[in-house]
Amino acid sequence: MQIIFLGGLFPPELDPWLKAQSRGIHHAPANPLQWSLAKGLNEVTGQAISIVTAPFVGRFPYAFRRLRIPSMSFAGPGSTTRNCKSISFLNIRGIAAIESFFKGISALKALTTRSPERTLLVVYGMFPNLLAAAWRIKKSRPSVEICLFVPDLPEMMGGDTSRLPVRLNLRLNSFLLRAPMRAVDYFVLVSPHMAERLPIGNR
């Protein structure tokens with residue numbers, strides 16, 4: 001079985017640059033958890049894990065100094081080859097999600113085309129651009145299954161929900177996640193209470 005981790009972790013070679021370009025609070029706390037998941041998958045299965053990542057960084061210009069996040073290949077857990085891809089995207093709110101969605105599809109398509117075997121896509125977080133990219137791949141490849149790891153619910157991931165722009169963004173995300181959530185085969189939740197808020201059913 002082929003396993004692909006889809007998330008927003010920092011490639012080791014790009015990690016210092018991403019942290020140096022961040023203004024104020026950055027998303028580095030999620031990075032160790034994602035690497036732990038990828039390494040854990042490698043140790044449990046005993047095989048190299050491929051990774052497709054669109055690094056979780058703040059948006060230009062207020063939370064990040066650079067306009068574009070560069071792409072690069074890097075070695076994943078259990079591999080001596082550069083079998084993982086960090087996606088390049090224009091780091092502007094809205095545009096970043098759209099560009100990383102389409103480039104995520106391309107990167108996943110390249111990985112799954114090379115492998116006719118069963119493929120498990122492990123998606124980190126309820127991010128519409130990532131989960132929708134996995135959903136699009138699953139629609140064209142019957143051997144693909146999706147496992148969604150939920151570290152937090154969207155409404156708990158920061159932002160003042162009393163502000164109208166934040167509430168509108170949450171409603172948009174909820175709409176964009178509706179179809180991709182139905183395509184998820186497995187859920188991994190960090191709290192049993194999340195099951196009450198998500199359309200898991202018998203999955």
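Strand 7 and strand 8 pair in the parallel sense over six bridges. Here strands are DSSP runs of E with at least two residues, helices are runs of H or I with at least four, and both are numbered from the N terminus. Two strands count as paired if DSSP finds at least two bridges between them. This is a predicted model, so local features need pLDDT of at least 70 and side-chain atom pairs count only at pLDDT 80 or more, while totals for chains, interfaces and linings use all residues. Residues are numbered from 1 along each chain as its sequence is written, and side-chain values use heavy atoms, with hydrogens and water left out.

Back to strand 7. In strand 8, the bridge partner of L120 is E145. Strand 7 also pairs with strand 1, in the parallel sense over five bridges, and there L6 stands opposite V123. Six of the six residues of strand 7 are buried, so the strand is largely enclosed by the rest of the structure. (Buried means under 20% relative accessible area, exposed means over 50%, and partly exposed is in between, with a 1.4 Å probe and protein chains only.) In a regular strand the side chains alternate between the two faces of the sheet. Both faces of strand 7 are covered, with T119, L121 and V123 buried on one side and L120, V122 and Y124 buried on the other.

Strand 2 (residues 50–53) pairs with strand 5 (residues 84–86) in the parallel sense over two bridges, and V52 stands opposite K85.

What about charges? Side chains of opposite charge can pair when their charged atoms come close. A salt bridge is a side-chain nitrogen of Lys or Arg within 4 Å of a carboxyl oxygen of Asp or Glu, and by this rule the count comes to six. In one of them, R118 joins E145, with the closest N and O atoms 2.5 Å apart. That pair links distant parts of the chain, since R118 sits in the loop between helix 3 and strand 7 and E145 in strand 8, 27 residues apart. R118 is partly exposed at 41% relative accessibility, whereas E145 is buried at 18%.

E99 and R68 meet in another salt bridge (3.2 Å, N to O). E99 lies in helix 3 and R68 in strand 3 (residues 68–69), so the pair ties together parts that are 31 residues apart in sequence. R68, E99 and K103 are linked in a network of salt bridges. Within helix 1 (residues 15–21), K19 and D15 are four residues apart, about one turn of the helix, and their salt bridge has its closest N and O atoms 3.4 Å apart.
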